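Please look over the sequence and the model before reading on. The text below is meant to be read beside them.

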Amino acid sequence: MKFVYKKGFLKRFDLYPALIQELILKKDLEIKSYIEKQIAPYGLRVKKIGSDTFEARVTDKIRIIWIQKEGIIYFALLGDHDEVRRFIRNS
C-alpha cells in the first residue's frame with residue numbers, strides 16, 4: 001500500500017507545536033496499522049465519512065482525513081471539526 005501526503009496536510013502539520021506533531025505522528029502510525037489490520041486501537045475512533053473517505057481522531061479537536069483509492073492512501077486533511085465539515089461538503 002502506498003501512502004501520499006497532500007501539501008495542505010503537510011503545511012498544517014508544520015503549524016502545530018512539537019508536542020502535537022509527535023501525537024499526530026503516533027496517530028499516523030496507528031492509522032497505517034488500522035488500514036493493514038482493520039483493527040483500530042482505543043481512542044483512534046475511525047469513522048467512514050464518504051464512500052472512500054475516512055476520519056480518525058488525534059485529539060478532541062484535531063482530526064485526520066484520508067482517502068483510499070486504488071491501493072493508494074491520500075492523507076488529505078489535518079484540522080478541526082469545522083474544516084472536516086467543509087471538506088465533506090466540498091468533496
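The paragraphs below go through the sheet, then the helices, then the core.

This is a predicted model, in which local features need pLDDT of at least 70 and side-chain atom pairs count only at pLDDT 80 or more, while totals for chains, interfaces and linings use all residues. Residues are numbered from 1 along each chain as its sequence is written, and side-chain values use heavy atoms, with hydrogens and water left out.

Begin with the sheet. Helices (H or I, at least four residues) and strands (E, at least two) are DSSP runs, numbered from the N terminus. Two strands count as paired if DSSP finds at least two bridges between them. Here 5 strands make an open sheet with mixed pairing, in the order E1-E5-E4-E3-E2. Strand E1 (2-5) and strand E2 (47-48) are the edge strands, each pairing on one side only.

Now follow the sheet from E1. This strand runs parallel to E5, and 4 bridges join them; Val 4 is opposite Tyr 74 in E5. E5 also pairs with E4, in the antiparallel sense, over 7 bridges. Along this pairing, Gln 68 has Ile 73 in E5 as its bridge partner, and Lys 69 stands opposite Ile 72 in E5. The hairpin of E4 and E5 has 2 residues between the strands, and in this hairpin Glu 70 takes a positive phi near 50°.

The hairpin of E2 and E3 has 4 residues between the strands.

How much of E3 is buried, where buried means under 20% relative accessible area with a 1.4 Å probe and protein chains only? 5 of the 5 residues of E3 are buried, so this strand is largely enclosed by the rest of the structure. In a regular strand the side chains alternate between the two faces of the sheet. In E3, Thr 53, Glu 55 and Arg 57 point one way, and Phe 54 and Ala 56 the other way. In E5, 6 of the 8 residues are buried, so E5 is also largely enclosed by the rest of the structure.

Axes are lines fitted to C-alpha atoms, for helices over the stretch in contact (heavy atoms within 4.5 Å), and angles run from 0 to 180 degrees between N-to-C directions. Helix H3 (residues 81-90) packs on the sheet as well, touching E3, E4 and E5, and its direction makes about 130° with that of E5.

Last is the core. A nonpolar core is a set of buried Ala, Val, Leu, Ile, Met, Phe, Trp, Tyr and Cys residues joined through side-chain atoms within 4.5 Å. The largest one has 17 residues, and those touching the most other members are Ile 24, Ile 31, Ile 35, Ile 64, Trp 66, Phe 75 and Leu 78. Two or more residues each come from helix H1 (7-15), helix H2 (18-37), strand E3 (53-57), strand E4 (63-69) and strand E5 (72-79). H2 gives the largest share, 4 residues. Leaving out residues up to four places away in sequence, Ile 31 touches Leu 44, Ala 56, Ile 64, Trp 66 and Phe 75.

How values were computed: Buried means under 20% relative accessible area, exposed over 50%, partly exposed in between (1.4 Å probe, protein chains only).
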